[in-house]
Amino acid sequence: MKMRIDIISAVPQLLESPLQNSIPARAVEKGLAEVCIHNLHDYGLGKYKQVDDYQFGGGAGMVLMPEPLAACIETLKAERDYDEIIYLTPDGSTLDQSTCNTLSLCKNLMLICGHYKGIDQRIRDLYVTCEISIGDYVLSGGEIAAIVLTDSLLRLIPGVLGNEESALTDTFQDGLLAPPLYTRPAEFKGIPVPEILLSGDHKKIEEWRMEKAIEKTQSLRPDLWNDSVDEK
Ligand code: ADE
């Protein structure tokens with residue numbers, strides 16, 4: 001199954017380069033995903049293709065108008081059924097690995113990027129099915145958040161990563177932070193690689209990695225550790 005992600009943006013240039021490189025580009029080249037960027041200005045109003053306006057009631061910052069967004073969303077919806085229509089916004093629910101895992105099973109996703117202050121509430125009421133934040137801080141727009149979400153989903157599609165870089169061993173995938181990593185040389189600035197990693201004993205290495213992952217999670221992310229203990 002090929003995953004398709006449609007991204008609506010008033011600043012599509014912000015989306016291009018990250019999707020044309022590394023793992024996201026590989027997902028597309030391998031035919032496992034399709035990412036289509038839609039320029040909101042193509043649906044803008046009047047001679048100047050206006051897409052934003054002042055807020056009713058006053059207040060700083062422009063708001064994306066409902067008509068161009070609705071026209072773009074409806075054009076896309078006429079072509080396919082979407083599993084979710086996602087609005088990236090700091091007041092959405094915070095993205096985590098479990099949400100990424102769930103969304104990575106979807107066939108068609110539409111992502112809406114706000115810019116400036118955000119989008120007209122009526123678009124959220126009428127079309128949006130899911131609101132996602134990438135953290136408790138404010139970005140200039142949803143584009144960078146859409147890239148974060150897209151990247152996190154594409155790398156989970158089976159076949160995008162090679163076996164040797166499987167997403168199953170990622171930090172968070174088992175509720176734990178990843179153990180420390182080492183590569184050549186075996187000694188660097190007087191610091192040797194832990195001997196066990198050079199032993200060739202895969203069982204012992206796995207045990208060591210698990211032990212380190214637990215130690216690291218307990219010390220750096222006690223919140224994650226307590227959640228995983230609660231689940232067991
Ligand atoms: N748009 C602006 N800030 C954002 C955030 N933190 N997450 C998602 N979308 C955003």
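Helix H7 runs over residues 202–220, and its 19 residues reach 26 Å from the first C-alpha to the last, close to the 27 Å expected at 1.5 Å a residue. The expected span is 1.5 Å times one less than the number of residues. Helices here are DSSP runs of H or I with at least four residues, strands are runs of E with at least two, and both are numbered from the N terminus.

A word on the source: this is a predicted model, in which local features need pLDDT of at least 70 and side-chain atom pairs count only at pLDDT 80 or more, while totals for chains, interfaces and linings use all residues. Residues are numbered from 1 along each chain as its sequence is written, and side-chain values use heavy atoms, with hydrogens and water left out.

Which residues of H7 are buried? They are Ile205, Trp208, Ala213 and Thr217. These residues cover an arc of only 160 degrees around the axis, which puts them on the same side of H7. Buried means under 20% relative accessible area, exposed means over 50%, and partly exposed lies in between, with a 1.4 Å probe and protein chains only. The arc is that of the directions from the helix axis to the C-beta atoms. On the face of H7 turned away from its buried side you will find the exposed residues Lys203 and Ser219.

Helix H8 (222–231) is included in what covers the buried residues of H7. In H8 itself, Leu224, Trp225 and Ser228 are buried. Seen down the axis of H8, these buried residues fall within an arc of 100 degrees, so they line one face of the helix. The cover over them includes H7. An α-helix has 3.6 residues a turn, so residues three or four places apart point the same way.

## The nonpolar cores

The largest nonpolar core has 31 residues, and those with the most contacts inside it are Ile86 and Leu149. Such a core is a set of buried Ala, Val, Leu, Ile, Met, Phe, Trp, Tyr and Cys residues joined through side-chain atoms within 4.5 Å. Several elements each supply at least two of its residues, including strand E1 (3–9), helix H1 (13–19), strand E5 (84–94) and H6. The largest share, six residues, comes from H6. Apart from this core lies another, of 20 residues, among them Leu69, Tyr87, Ile119 and Val128.

Ile86 touches Leu103, Leu109, Met110, Leu111, Ile112, Cys130, Ile132 and Leu149, not counting residues up to four places away in sequence. Contact means heavy atoms within 4.5 Å.

Ala145 is found in helix H6 (residues 143–154). Is Ala145 buried or exposed? Ala145 is buried, with a relative accessible area of 6%. Beyond four places in sequence, Ala145 touches Leu88, Ile134 and Leu139. Ala145 and Val128 are 17 residues apart in sequence and 16 Å apart in space, C-alpha to C-alpha.

## Around the ligand

The ligand is surrounded by 13 residues, and the closest are Thr89, Ile134, Gly135, Tyr137 and Leu139. To count as near, a residue must have a heavy atom within 4 Å of the molecule.

| Residue | Distance to a ligand nitrogen |
|---|---|
| Ile134 (backbone N or O) | 2.9 Å |
| Gly135 (polar backbone atom) | 3.1 Å |
| Leu139 (polar backbone atom) | 3.0 Å |

Thr89 has its place in strand E5 and counts as buried at 7% relative accessibility. A polar contact of 2.6 Å joins the side chains of Thr89 and Asp91. A polar contact is a pair of N or O atoms within 3.5 Å; within protein, one must be able to donate a hydrogen and the other to accept it, and residues adjacent in sequence count only if both atoms are side-chain atoms. Leaving aside neighbours within four places in sequence, Thr89 is in contact with Arg124, Glu131, Ile132 and Ser133. The C-alpha atoms of Thr89 and Gly114, 25 residues apart along the chain, are separated by 7.2 Å.

## A buried asparagine, and the whole chain

Asn108 sits in strand E6 and is buried, with a relative accessible area of 10%. A polar atom of the Asn108 side chain lies 3.0 Å from the backbone oxygen of Asp81.

Stepping back, the protein has eight helices and ten strands. Of its 232 residues, 41% count as buried.
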